[in-house]
Amino acid sequence: MKVLLLTFFVLFAGFVNPAIAQKESKVLVFTKTAGFRHKSIEIGVETLKTLGVENQFSITQTEDAEQFNYKILKRYDLVIFLNTTGDVLNPEQELAFEKYIAKGGSFMGVHAATDTEFEWPWFNKLVGAYFLDHPEQSKATIKRIIRSHPSTSHLPDKWEHYDEWYNFKSINKSINVLLMLDETTYVGGKNGSFHPIAWYHEFDGGRSFYTGLGHTVASYKEPEFREHLLGGIFYCLNR
C-alpha cells in the first residue's frame, strides 16, 4: 500500500504545473502624477492585473504616497512606477523607499518613471536615467542588445515599434542595456549612437528594470510589449 501511494505521489507531482506551484508574489503599482498624466495609465494597470492572474502575482494599484513607509512596502516583492511624473514622494517617503530597496526590494519603471523625482539623485541612479524631451510619436527600429533576458528573449534582433521616444540625460553608466534605439530610423533623437530604451541593473541592495516603451494605449494590447513587461517583472521577482 505504501509503495502504491508513493508511486501515485511521484506520478501526480510530475503533472503539477511549476507555475501553479509558484508562490504568489505581491506587486505594488504606483501611478501618482504631479505633472503630465498619461492616458495609458488605466489600461497599463489592467494589463498588469491580467498578467498577474496568468503568472501568479497580485497587483495592488495606488496613487497614495502614504503607502511609502517601510512597514507597508516590505509586504511587496516589487514596486512599479507606471507613468508617474513629477515630485510624487516627500523626503520621509523617499527614505522609506531607499530602505525598501536596501533590504532587497525591487523596482520597475515604465516610460514616464524617468520623468519623476528630478531632485532626488538616488532615484536617478535607481531608475537609470532622467527624461530630457521627446519628438512626436513615430515608428522606430529598436535593436536587441541582450537576447537572454526574459524581457527580450522573445523579440527579434531588430524590432519596429510605434511609441513616444524619450531622449535621456544623466544616464547611469552601470545599467545593462537591453534595447537600443536606432536614431537613424526616426526624427528627433538626441542621444546619438548610445540611446538605450530598456535596461536593468542591481542597485543598492535591490533589482531595477526600466523600459522607455509604454506611452500609447495601443502598446498595451501588443503581445510583444506585454511579454516585454512580463519579462521585466520576472527579472525583478528573480524568477
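So, a polar contact here is a pair of N or O atoms within 3.5 Å; within protein, one must be able to donate a hydrogen and the other to accept it, and residues adjacent in sequence count only if both atoms are side-chain atoms. Quick housekeeping: this is a predicted model, where local features need pLDDT of at least 70, side-chain atom pairs count only at pLDDT 80 or more, and totals for chains, interfaces and linings use all residues. Residues are numbered from 1 along each chain as its sequence is written, and side-chain values use heavy atoms, leaving out hydrogens and water.

Okay, helix α5. Helices (H or I, at least four residues) and strands (E, at least two) are DSSP runs, numbered from the N terminus. At the N-terminal end of α5, N90 is the cap, with a side-chain oxygen 3.1 Å from the backbone nitrogen of E92. Just past the helix, G104 has a positive phi of about 100°.

Which residues of α5 are buried? Taking buried as under 20% relative accessible area, exposed as over 50% and partly exposed in between (1.4 Å probe, protein chains only), they're Q93, E94, A96, F97, Y100 and I101. Down the axis of α5, they fall within an arc of 160°, so they line one face; the arc uses directions from the helix axis to the C-beta atoms. On the other side, P91, E92 and L95 are exposed.

And the packing? Counting contact as heavy atoms within 4.5 Å, the buried residues of α5 pack against several elements, including α4 (70-73), β3 (78-82) and β4 (106-110). Also in that list are α6 (121-127), β10 (196-203) and β11 (206-211).
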